[in-house]
Amino acid sequence: KVQVEPVYKYFTFGRFSMKYREIGAILLGAVMYATAVTLAVTGLGIPILEVLKINLVGALIFFIVREIGRILMCFFMELHTEYLFWTPGAFLAVVTGYLGNTLNTPGFVVEHKDKELLFNRYSLVKYLIVFGTFIISLVFFVFNVIAPSKSFHLFAIISSTYAATEILPFKPCPGKDIMKWKPILWGLTLLIVFSSYILFNFVI
């Protein structure tokens, strides 16, 4: 049988193209992740709506900037990736958030075309995204120390929790491929990211 590639709606900007379904997945993933982080911070307490509003803004900006960075890197490196929304993972994120320790599982990135052949390039992109996420959390942490703000604090939690989940060496987390690619670099990054996660979420 001849398999026909499904046709997806997309828009183009010069040589760059973007699927509408990926945009929807990114936005929905941000909303579910914001909800999960909010439950981790407030439970079902009274300030839930106030915190949720802040987290929705933070998560949407965070997801959009982060995924645009991934998309642009992949475009210039001639790689093909896509963020997919994962319904069971979204449910898991909300449940773990309610239990107090959010897992970033509302969606994940998949690679298309020649994954094994281009493994090193894909792994480099994954590492840069994870480490960039950690840097974002560090920036918000510093901002919060200089000028204490509920928004800065919540944004640091959003990004540090995201980085801590992604560096884990389990599928679909990118940490698995990063560990296979550069095990020593992965180990050092795991130590840095998790130390920061504990500091931002449970110490300060």
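## Basis of the model

Because the model is predicted, local features are reported only at pLDDT of at least 70 and side-chain atom pairs only at pLDDT 80 or more, while totals for chains, interfaces and linings use all residues. Residues are numbered from 1 along each chain as its sequence is written, and side-chain values use heavy atoms, with hydrogens and water left out.

## Overall fold

The chain contains seven helices and four strands. These elements are DSSP runs numbered from the N terminus, with helices (H or I) of at least four residues and strands (E) of at least two. In sequence order they form the pattern β-β-α-α-β-α-β-α-α-α-α.

The C-alpha trace spans about 55 × 40 × 30 Å along its principal axes. The radius of gyration of the chain is 17 Å, which agrees with the value near 17 Å for a compact globule of 204 residues. That radius is taken over C-alpha atoms, and the globule rule is 2.2 Å times the number of residues to the power 0.38. Of the 204 residues, 41% are buried; buried means under 20% relative accessible area, exposed over 50% and partly exposed in between, with a 1.4 Å probe and protein chains only. Among contacts (heavy atoms within 4.5 Å) between residues at least 6 apart in sequence, 67% join residues at least 24 apart.

## The largest pocket

The largest pocket has a volume of about 720 Å³. A pocket is defined on a 1 Å grid over the protein atoms alone, as an open set of points where a 1.4 Å probe fits, with protein on both sides within 12 Å along at least five of seven lines; its lining residues have an atom within 4 Å of a point. Grid points are joined across faces, edges and corners, and the volume is the space filled by probe spheres set on the points.

The lining comprises 22 residues, and Ser17, Lys19, Leu79, His80 and Thr81 lie nearest the centre. Strand 2 (16-19), helix 1 (20-42), helix 2 (48-76) and strand 3 (80-85) each contribute at least two residues, with the largest share, five residues, coming from helix 2. By type, the lining of the largest pocket holds 10 nonpolar, four polar and eight charged residues. Here Ala, Val, Leu, Ile, Met, Phe, Trp, Tyr, Cys and Pro count as nonpolar, Asp, Glu, Lys and Arg as charged, and the others, Gly among them, as polar.

## The second largest pocket

The volume of the second largest pocket is about 490 Å³. Its lining has 31 residues, of which Phe108, Glu166, Pro172, Cys173 and Pro174 are closest to the centre. Two or more lining residues come from each of helix 2, strand 3, strand 4 (107-112), helix 4 (119-146) and helix 5 (150-166). Helix 4 gives the most, with five residues. The lining of the second largest pocket divides into 17 nonpolar, five polar and nine charged residues.

Pro172 is located in the loop between helix 5 and helix 6 (175-181). A cis peptide bond, with omega of about 5°, joins Lys171 to Pro172.

Glu78 occupies the loop between helix 2 and strand 3. Although not a glycine, Glu78 has a positive phi of about 60°. Its relative accessible area is 62%, so Glu78 is exposed.

Glu82, in strand 3, is buried, with a relative accessible area of 1%. The side chain of Glu82 makes polar contacts with the side chains of Arg21 at 2.6 Å and His112 at 3.5 Å. A polar contact is a pair of N or O atoms within 3.5 Å; within protein, one must be able to donate a hydrogen and the other to accept it, and residues adjacent in sequence count only if both atoms are side-chain atoms. Beyond its neighbours within four places in sequence, Glu82 also has contacts that include Lys19, Arg70 and Phe108.

Tyr197 belongs to helix 7 (residues 183-203) and counts as buried at 8% relative accessibility. The side chains of Tyr197 and Asn101 are joined by a polar contact of 2.2 Å. Leaving aside neighbours within four places in sequence, Tyr197 is in contact with Asn101, Ser160, Thr161, Ala164 and Phe202.

Thr96 lies in helix 3 (residues 87-98) and is buried, at 13% relative accessibility. Its side chain reaches the backbone oxygen of Ala93 at 3.0 Å. Not counting residues up to four places away in sequence, Thr96 touches Asn101, Thr102 and Leu103.
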